[in-house]
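Visitor: I would like to learn how to read helix packing and ring pairs. Where do we begin?

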Amino acid sequence: MADMIDQGRPASGLTRVALGLSVGGLLAAIVAAVGSGSGSFGFKIGLLLLVLGFLGAVIGGVLAVIAYARGRRRGGANGRMTLVALGIALVFGGYVGGQISTAFSVPPIHDVSTDLVDLPRFTTLPVRADNLADIPSGGDAALAAMAPQARWAAIHRKAYGDIQTLHLPLDTALTMKRATALVQQRGWAIAKVDAASGTIEATDTSRFFRFKDDVVIRVRPDVSPAGGAIIDMRSISRVGQSDIGVNAKRIRAFLADMKKG
């Protein structure tokens with residue numbers, strides 16, 4: 001029976017299932033975000049719920065398309081429930097699908113730095129114990145033969161070769177002032193600003209799952225003939241193996257703003 005609720009007829013069973021799956025998938029994602037963000041359960045459970053919600057919404061969207069096609073074939077109009085189910089599946093499923101696609105397009109690392117030799121160090125915010133302990137080789141024998149940190153550096157250089165130390169034609173005091181102001185503008189929670197050592201430590205929290213990424217910014221005088229200041233930055237995710245590219249994106253955006261002045 002075609003879905004005709006906008007003409008007073010009851011929706012088809014297929015449409016009701018499609019709507020239930022689409023709405024249920026969206027609700028599962030909301031529960032995942034709220035529960036993980038509040039600490040009610042771990043991020044792995046949250047991500048599992050998100051994936052299940054995504055699959056439910058995708059199936060719901062497919063069923064909605066089938067219900068729509070059946071209604072058209074039988075000469076009837078398709079009701080609002082079918083369109084709602086399809087709309088939720090397209091918007092929610094499309095967003096999560098995009099995130100999954102991004103995750104496969106970036107390396108499975110969660111620590112990004114402008115300087116891989118002399119890493120900017122955290123002294124106030126703790127670095128996770130397993131930070132560079134489990135770096136996958138992706139089946140590459142050469143990478144597998146390396147120590148974890150060397151493997152991380154090799155993967156990092158290949159994927160994020162554009163992320164480099166930034167030189168500014170400013171003295172270190174002005175560079176620190178500008179960097180601190182940008183951190184404040186972004187709403188990151190500042191843990192430390194030490195003008196003497198030229199370091200800033202702060203935490204950026206994601207909007208939905210409340211994932212926390214810790215950032216350290218290091219400002220030093222440029223001892224080369226160019227003079228001025230050099231600024232390095234490091235961003236680390238507190239949980240997970242892959243960061244879906246957010247740490248690299250954060251550093252690129254921050255340094256671009258530093259360059260603008």
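Guide: Two packed helices are described by the angle between their axes and the distance between the axes. Here helix 2 (residues 43-73) and helix 3 (residues 80-105) have axes that come within 8 Å and cross at roughly 140 degrees. That makes helix 2 oblique to helix 3 (under 35 degrees is roughly parallel, over 145 roughly antiparallel, 65 to 115 roughly perpendicular, the rest oblique). This is a predicted model: local features need pLDDT of at least 70, side-chain atom pairs count only at pLDDT 80 or more, and totals for chains, interfaces and linings use all residues. Residues are numbered from 1 along each chain as its sequence is written, and side-chain values use heavy atoms, leaving out hydrogens and water.

Visitor: Which residues in helix 2 meet helix 3?

Guide: Contact means heavy atoms within 4.5 Å. In helix 2, Leu 50, Gly 53 and Phe 54 are among them; the helix 3 side includes Thr 82, Ala 85 and Leu 86. The residues of this contact divide into 13 nonpolar, five polar and no charged (Ala, Val, Leu, Ile, Met, Phe, Trp, Tyr, Cys and Pro are nonpolar; Asp, Glu, Lys and Arg charged; the others, Gly among them, polar).

Visitor: How many aromatic pairs are there?

Guide: Rings of Phe, Tyr and Trp (its six-membered ring) pair if their centres lie within 6.5 Å; planes under 30 degrees apart are stacked, over 60 edge-to-face, the rest tilted. The count comes to three aromatic pairs. Phe 43 and Phe 211 are edge-to-face, 6.4 Å centre to centre, with 85 degrees between the planes. Phe 43 lies in helix 2, and Phe 211 sits 168 residues apart from Phe 43.

Key: Axes fitted to C-alpha atoms, helices over the stretch in contact; angles between N-to-C directions. Helix = DSSP H or I, 4+ residues; strand = E, 2+ residues; numbered from the N terminus.
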